[in-house]
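Colleague: I have a model open and want to learn how to read it. Can we go through it step by step?

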Amino acid sequence: MSQLRNFELFNDLEKETVDGILSHIHTRSFPKKTQIVTEGDDSHSLYFLLDGRVKVYLDDDNGKEIIVNIHEAGEFFGELGLIKSIPRTASVLTLEDSRLGIMPESDFRRCLANYPSFAINLIENLSTRLIEATETIRKLGLMDVYRRIAVTFLNLSEEIDGVRVINEKLTQQNIASRVGASREMVARILKDLRAGGYISQEDNKIILHKSLPHSW
């Protein structure tokens, strides 16, 4: 439970408040490729990701998967359905063995009522997420497929020894689902980027060797 104290949601809260909130959370482990949440199901819990990674995704009318987000350890999800008392708006699947802290809906509402500082932190966190999501939608909505891929690569990469590296294993279908494009289109763009010496793929990593071109 000590990991939970490091979650941003508990920043600046008094120890007694955090202790009270944590008493309502139990932990559970899930193997890779476990469906944690299914779109349309009733909302019963708030989830804190202690270890592992999960993807948040939608399925369109044609069965095509659209990845909305990837959550890593230290992040939480599932709050919107609880706040609005609505069914789940997206599905969540573990990408690797994961351990989660789970707070039932009744306890979540009790904590909001009993700990106003916790409620304020939640509102601030949701506001930040909304601003970030709006900016992402604005950028991607005005871009062609290539620019969406370029922005996604930049957002996912981190600088290591002067080179930007994406440590997350990404298949062509993963990328297509993130940017809302066909796998075939993604494959053509990646092929050209490799041929131009812009990227390479090694040991399930994507390495960005130089700044990606403005257009394709």
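Colleague: How many of the seven residues of strand β3 are buried?

Modeller: First, the ground rules: this is a predicted model, where local features need pLDDT of at least 70, side-chain atom pairs count only at pLDDT 80 or more, and totals for chains, interfaces and linings use all residues. Residues are numbered from 1 along each chain as its sequence is written, and side-chain values use heavy atoms, leaving out hydrogens and water. Strands (E, at least two residues) and helices (H or I, at least four) are DSSP runs, numbered from the N terminus; buried means under 20% relative accessible area, exposed over 50%, partly exposed in between, with a 1.4 Å probe and protein chains only. Strand β3, residues 45-51, is mostly covered, and its buried residues number six.

Colleague: Which residue of β6 stands opposite Tyr 47?

Modeller: β3 also has two bridges to strand β6, residues 76-77. This pairing is antiparallel. The residue in β6 opposite Tyr 47 is Phe 77.

Colleague: In what order do the four strands of the open sheet come?

Modeller: Strands of a sheet pair through backbone hydrogen bonds, either parallel or antiparallel. Here the pairing is antiparallel, and the order is β2-β7-β4-β5.

Colleague: Why is one side of β2 and of β5 left without a neighbour in the sheet?

Modeller: Look at the ends of the order β2-β7-β4-β5. β2 (35-37) and β5 (65-72) stand at the edges, so one side of each has no neighbour in the sheet. The reason is that each has a single partner strand.

Colleague: Which residue of β7 is the bridge partner of Gln 35?

Modeller: β2 and β7 (residues 91-94) run antiparallel and are joined by two bridges. In β7, the bridge partner of Gln 35 is Leu 93.

Colleague: What is the volume of the second largest pocket?

Modeller: On a 1 Å grid over the protein atoms alone, a pocket is an open set of points where a 1.4 Å probe fits, with protein on both sides within 12 Å along at least five of seven lines; lining residues have an atom within 4 Å of a point. Grid points are joined across faces, edges and corners, and a volume is the space filled by probe spheres set on the points. Here the lining has 16 residues, with Lys 32, Arg 53, Leu 95, Lys 169 and Asn 174 nearest the centre. The space in this pocket is about 340 Å³.

Colleague: How many residues of that pocket's lining are charged?

Modeller: Asp, Glu, Lys and Arg count as charged; Ala, Val, Leu, Ile, Met, Phe, Trp, Tyr, Cys and Pro as nonpolar; the others, Gly among them, as polar. The lining has five nonpolar and three polar residues. The charged ones number eight.

Colleague: Is Asp 203 buried or exposed?

Modeller: Asp 203 lies in the loop between β11 (199-202) and β12 (205-208). Its phi is near 50°, a positive value in a residue other than glycine. Its relative accessible area is 72%, so Asp 203 is exposed.

Colleague: And is Phe 7 buried or exposed?

Modeller: Phe 7 lies in the segment before α1. Its relative accessible area is 3%, so Phe 7 is buried.

Methods
Two strands pair if DSSP finds at least two bridges between them.
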